[in-house]
Amino acid sequence: MGEPISTVDVCVVGGGAAGLAAAIFAAEQPTRPSVYVLDGAKSVGAKILVSGGGRCNVTHETVTADDFFGTRHLVRNVLSAFPVPDTVRWFSSLGVELKREESGKLFPTTDDARTVLRALRGRCRALGVVLCPDHRVQAVTQMVSSGETEMELQPAFAVRHLQGEIPARRVILATGGRSLPRTGSDGAGYELARRLGHRVTVTVPALVALVLEESCFHRTLSGSSVEVELVTTIDGRTVDRRTGSLLWTHFGVSGPVIMDASRVWTLAKASGKPAEIHVNFLPGRTADQAREWLLREAAHVPRRSLLNTIASLLPERVGAAIARYASCDINRPISQIPRPDRERLLMSLTRFPLPVARDRGWNFAEVTAGGIPLDEVDFRTMESKILRGLYLIGEMLDCDGRIGGFNFQWAWATGYLAGRAAGSR
């Protein structure tokens with residue numbers, strides 16, 4: 001940045017989705033504050049470009065607090081301040097039109113994440129926001145002020161970065177969590193918040209695929225997808241139950257249902273608690289109902305093979321793998337399956353134990369579970385309850401949504417609240 005600069009009104013630390021949104025909303029305030037965005041990566045908004053398979057799943061057509069893990073009433077209040085229709089209108093005003101896909105996800109009509117990033121950066125430039133890539137922030141310290149009135153006029157914070165130091169009246173921390181560290185969000189922001197007096201709960205990868213033990217048959221099914229019911233238990237108690245698509249991969253399992261449930265498993269493991277995930281390949285049916293179905297099939301088509309019978313409900317490759325796992329002869333007529341074999345098969349079909357070895361790690365996680373507790377910020381402004389003039393937004397907070405654009409909506413909403421509040425002071 002060269003020569004020392006005068007005090008800026010709003011310094012945003014982190015140039016991801018939440019940070020850019022906050023910068024825009026701050027700069028749009030009638031007070032026309034000076035706004036700087038400092039980002040550690042060589043290019044601002046790198047994480048936006050890799051989201052949604054490079055298409056950027058901007059939001060979802062319906063977003064509620066039930067789509068998130070976090071303090072429910074606080075999440076609800078934040079989302080209500082900047083709901084989905086506002087997001088759609090906002091992007092339209094930036095020149096980005098959105099389209100709805102069958103899943104309810106909203107993408108730019110161009111199917112290109114660069115459209116979103118160009119619009120956000122373009123709006124920043126139009127408003128005079130100064131974007132500073134390769135300015136990794138090393139410390140944010142509070143400057144001493146003799147009184148509240150004087151604090152409004154004098155810099156309240158010193159933001160030290162790789163290129164020097166910026167005095168700022170207000171600071172918005174938007175450094176992201178620990179997911180996808182190659183894009184710049186490596187968790188360093190949590191330490192900045194800790195030094196300023198905030199707590200940080202345990203952070204683990206969320207929306208992450210799971211690696212299975214090599215003894216499992218996942219490699220033979222790589223690329224196959226199947227609709228399942230997933231049940232996660234901790235200490236033997238069911239804590240999560242959801243239905244969705246499971247994708248077999250060369251390393252284990254992925255797909256929406258796995259990604260959404262992963263944070264329950266990773267948090268349990270981080271806490272040292274025994275966690276198990278079971279798969280019901282016949283969602284909506286209990287073991288007893290599956291038994292009734294199998295016996296009916298044996299009575300109606302006794303000569304049909306076990307494989308062909310299972311294939312009426314599951315992809316053939318998946319059905320064959322499960323039957324072999326249960327030590328059943330897949331070519332044997334269904335009416336001739338011994339009772340012990342049948343019971344093993346039913347258990348495998350309705351309560352298959354996923355042999356999870358580990359999660360795939362931060363380099364593949366789409367979001368972070370854990371972070372700064374929501375009760376440490378004012379949900380109306382995202383201002384810290386601990387330190388006046390400090391705002392915390394986005395993935396830094398202990399709130400994470402399911403897959404499908406929900407975490408982006410959280411970024412836009414928290415950025416909106418913090419930007420407007422910090423910019424109007």
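Which strands each supply at least two residues of the lining of the second largest pocket? In this predicted model, local features need pLDDT of at least 70 and side-chain atom pairs count only at pLDDT 80 or more, while totals for chains, interfaces and linings use all residues. Residues are numbered from 1 along each chain as its sequence is written, and side-chain values use heavy atoms, with hydrogens and water left out.

The strands in question are β13 (225-234) and β16 (275-280); strands (E, at least two residues) and helices (H or I, at least four) are DSSP runs numbered from the N terminus. A pocket is an open set of points, on a 1 Å grid over the protein atoms alone, where a 1.4 Å probe fits, with protein on both sides within 12 Å along at least five of seven lines; lining residues have an atom within 4 Å of a point. The second largest pocket holds about 190 Å³ of space, a volume being the space filled by probe spheres set on the points. Its lining includes E229, R241, H278, N280 and R351. Strand β16 gives the most to this lining, with three residues. By class, the lining comprises three nonpolar, five polar and four charged residues.

Strand β9 (residues 157-161) has four of its five residues buried, that is, under 20% relative accessible area with a 1.4 Å probe and protein chains only. Two strands are said to pair if DSSP finds at least two bridges between them. Five antiparallel bridges connect β9 to strand β8 (residues 137-142), where V137 stands opposite H161 of β9. Another five bridges link β9 with strand β10 (residues 164-173), again in the antiparallel sense, and V159 has I166 of β10 as its bridge partner. Two residues separate β9 and β10, which form a hairpin.

In soluble globular proteins, nonpolar side chains tend to be buried together. The largest nonpolar core has 86 residues, a core being a set of buried Ala, Val, Leu, Ile, Met, Phe, Trp, Tyr and Cys residues joined through side-chain atoms within 4.5 Å. Helix α13 (residues 406-424) gives the most to this core, with eleven residues. Among the residues with the most contacts inside the core are W90, L120 and W412. Neighbours within four places in sequence aside, L120 is in contact (heavy atoms within 4.5 Å) with L20, I24, I48, W90, F91, L94 and W412. Another core, of 47 residues, lies apart from the largest one and includes W265, W293, L314 and A320.

Conventions: Ala, Val, Leu, Ile, Met, Phe, Trp, Tyr, Cys and Pro count as nonpolar, Asp, Glu, Lys and Arg as charged, and the others, Gly among them, as polar. Buried means under 20% relative accessible area, exposed over 50%, partly exposed in between (1.4 Å probe, protein chains only).
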